[in-house]
Amino acid sequence: MRLSARLDRIPPYLFAQLEQKIAAKKAEGIDVISLGIGDPDTPTPALVVDALCEAARDPGTHRYPSNRGRAELREAVAGFYERRFGVDLDPATEIVPALGAKECIFNLNLAFLDPGDAALASDPGYPVYTGGPLLAGAEPVLVPLQPDHGFAPDLDGVAPSDRERARLLYLNYPNNPTGAVAPDGLFERAVEFARANDLLVVHDASYTETTFDGYVAPSFLATPGAKEVAVEVFSLSKGYNMTGWRSAAIVGNASAVEAYWRLKTNIDSGMFDAAQLAAAAALERGDEAAREMSAIYQRRRDLVCDALEEIGVLVSRPRGTIYVWAPVPEGHTSASYCELVLEQSAVVLSPGSAYGPNGEGFFRISLTVSDDRLAEAVERLRSSLVA
Ligand SMILES: Cc1ncc(COP(=O)(O)O)c(C=O)c1O
């Protein structure tokens, strides 16, 4: 069987490999604690489940949905953006539902990149920013995120030849995997950069609703001029515990939203109507649930950071996301340390290098296990770090 050259260009997806390793350990009867993938452990808010059940009982939701999305959902997104971010969106032209941010980000590569083009992707960064361009026959150009620059990409450092071929710039704040929030002035600079280089900014807003210590994350679209050059991909996965629901929306520049919609009509048939109505309920009435989740993650963040600090691992406490990004102990690479912890302690960590060369020297802890299990994992980690 011959695979396409396209598929041969990309490495296996990190979490697919991790899942295999975890399954093998579990099969040996070992109690594995996975702090790898960021998949919320608590249930979707009842109001969302109830909205789904009610909508699913209506046969009107059982037929093919439309890729444009139901008016109820587009209006709920517009209402949410106005209330939460002070951003005005036209439900008719500036909002389309997506089957998760991952699908949307991947498909944007197909809509905007040709061979010879490039996408500017944060390093470290969410793997689809690099895998997507490769699968589209184009190239990712890595833009380093350095701790001493607040994990902001150095846009001035992008080589002129890369600016020329770049059609997309990916940004993501609060940021996976570093936990950084948007540094002051970055969004304004990105709008200027996009104008000067005629490219589309794609802001991945997967973690705006998961923030700590009173920090409130902005929308990229609240930046003056952003709608001329940007789209934002807003996901309900993390903020509302809806990873399994495949529920997101692309919002912003009307031409870019239209291009995404045009592509999608050739690829899938949209989001289950009842799931759209449930997503609308989350956006209309889920603020409190999202705040409660943030409080849980803040407590877990402190539990992890306190324990790491006690054993001399210096971490900067993230003000958003569901991750802690920490340096590996001296003498280890990211991979060798994560391998050692898995073997010795049966705790799964994500090696920083899996998010790009600049992730080398770090590991990522996901806060999506119960407090008890997290405390147990931290205790095991403490023994393996001290040992
Ligand atoms: C930065 C980032 N973007 C997108 C996603 C995927 O989100 P969704 O579940 O909406 O596809 C993730 C999931 O971990 C993520 O970390």
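Predicted model: local features only at pLDDT ≥ 70, side-chain atom pairs only at ≥ 80, totals over all residues.
Residues are numbered from 1 along each chain as its sequence is written, and side-chain values use heavy atoms, with hydrogens and water left out.

The protein contains 14 helices and 12 strands (DSSP runs numbered from the N terminus, with helices being H or I of at least four residues and strands E of at least two). Its radius of gyration is 21 Å, close to the 21 Å given by the globule rule for 387 residues, so the protein is as compact as a globular protein of that length. The radius is taken over C-alpha atoms, and the rule is 2.2 Å times the number of residues to the power 0.38. Along the principal axes, the C-alpha atoms fill a box of roughly 60 × 55 × 50 Å.

Of the 387 residues, 55% count as buried (under 20% relative accessible area, with a 1.4 Å probe and protein chains only; exposed is over 50%, partly exposed in between). Contacts are heavy atoms within 4.5 Å. Among contacts with a separation of 6 or more, 75% join residues 24 or more positions apart.

Asn241 counts as buried because its relative accessibility is 6%. Leaving aside residues up to four places away in sequence, Asn241 touches Pro40, Thr42, Pro43, Thr44, Leu236, Met293 and Tyr297.
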